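Please consult the sequence and the structure while reading.

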Amino acid sequence: MEQRVLGSTGRAVSVVGLGTWQLGADWGDVQEADAIAVLDAAVESGVTFFDTADVYGDGRSEQLIGRYLKDRPDAGIFVATKMGRRAEQRPENYSLDNFRAWNDRSRANLGVDTLDLVQLHCPPTAVYSSDALYDALDTLVEEQRIAAYAVSVETCDEALTAIARPGVASVQIILNPFRLKPLERVLPAAAAAGVGIIARVPLASGLLSGKYTRETVFAADDHRTYNRHGEAFDQGETFSGVDYETGIEAAVEFAALAPDGATAAQTALRWIIQQPGVTSVIPGARSVAQARANAAAAALPELPPAVLDGVRDLYHRRIRAQVHDRW
C-alpha cells in the first residue's frame, strides 16, 4: 500500500489507516476476538496506521491495540492516540499535570514508553490559541513521553489556528464527499506548512456505504442512535452532521457514481485519498471483510473527472446547506 509521510513526524503511514473507535465503544458491541481479527486483517492488507483515543471504551481500544502489538512487535504500526476528553471540557483542564496523567494511562494501555503521536481530542476552541498549551505539549516531547503532537478538530477555523503553530505535526478533520469545506483552505494551508492531514468519519458514519435505509435500526449504545442531534458530543461526528433522511437519499445518488469494480464505500475512500494534502484516511471496521475492503480502496485507480464533478454537484445540491457554514 502507498505510504505517505505524516507531517513533521518524519514517519510514513499507509494512505488507508484504521480508525478504532468502534473497537472500544459507541458502535454496538464488538467482542475482543473479533477486534483482534480486524486489527490483523488490516495489517495483512497493508495498513500501518492505527488511530485510537484514551476514551474509546474508557481505554479498551488502546488496550486491544497494545495486546495486538505485543504479539506483533515487528508489524511496524504507527499508533496515534488522543487525549483531553477525560475531564470537563474547560480550557483550564488542558494542563501539563493532566497531560502527564492522561499520558501515563495511554502509555500503559498501549504498552510503550513513548507514544508515536498524541492528538488533542476536539478540545474547546479557545485551547487552540493557548501558548501555555503548546509549551506543555513541547514539554511532553522533551520528556520523551510522546514523539510528536497533533490536534483533532471539529471546525476549519480550529484547524487553521492549529496549523499556524510550528510544533503541530498533523490535523485530524472530518473529510468525505458529504463534507467538502476543508478542501477550500485547510488542506492547502496544511500542505504549505508541512502539516499532515488525517481524514476521519470518511464514510459519514456508514451513510456513504449505501447500506442503510430509512428503516435501519441502530443499537441503543450506538452513537448513530443517541447522538443524531448532538445530544452527547458534536453532531458532526454522527453522519457528518447530515440529517439522516437527507443522507440516505444523497447516499443513493453517491452510490451511482461508483465506478465498475468499486463499492460505494471504496469510492468514498478513494475520493479522499486523492485530495491534495491528505496523508491518511481512517475508516473504522467491525469485521475482517470490512477491514480488507477498506484497505483495497488504496489500490483503485484514481477517480475520473466525471466522478469528482458528480461528488461536488451532489454536495452543493443536497448537503452544503446543512453542514458548510456550521463546520
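Contact means heavy atoms within 4.5 Å. Helices (H or I, at least four residues) and strands (E, at least two) are DSSP runs, numbered from the N terminus. The model is predicted, so local features need pLDDT of at least 70 and side-chain atom pairs count only at pLDDT 80 or more, while totals for chains, interfaces and linings use all residues. Residues are numbered from 1 along each chain as its sequence is written, and side-chain values use heavy atoms, without hydrogens and water.

**Helix α10.** In helix α10 (residues 264-273), ten of ten residues are buried, that is, under 20% relative accessible area with a 1.4 Å probe, protein chains only. Among them are W271 and I272. These buried residues pack against β1 (3-5), β9 (196-200), α9, β10 (280-281), α11 (288-296) and α12.

**Helices α9 and α12.** The axes of these helices, lines fitted to C-alpha atoms over the stretch in contact, come within 10 Å and cross at roughly 175°. Angles run from 0 to 180 degrees between N-to-C directions. The pair is therefore roughly antiparallel, a term for angles over 145 degrees.

| Helix | Range | Contact residues |
|---|---|---|
| α9 | residues 244-255 | T246, E249, A250, E253, F254 |
| α12 | residues 305-323 | V311, L314, R317, R318, I319, Q322 |

**Nonpolar core.** A nonpolar core is a set of buried Ala, Val, Leu, Ile, Met, Phe, Trp, Tyr and Cys residues joined through side-chain atoms within 4.5 Å. The largest has 91 residues, and F50 and V186 are among those touching the most other members. Its largest share, seven residues, comes from α10.

Definitions and conventions
Angles under 35 degrees count as roughly parallel, over 145 as roughly antiparallel, 65 to 115 as roughly perpendicular and the rest as oblique. Buried means under 20% relative accessible area, exposed over 50%, partly exposed in between (1.4 Å probe, protein chains only).
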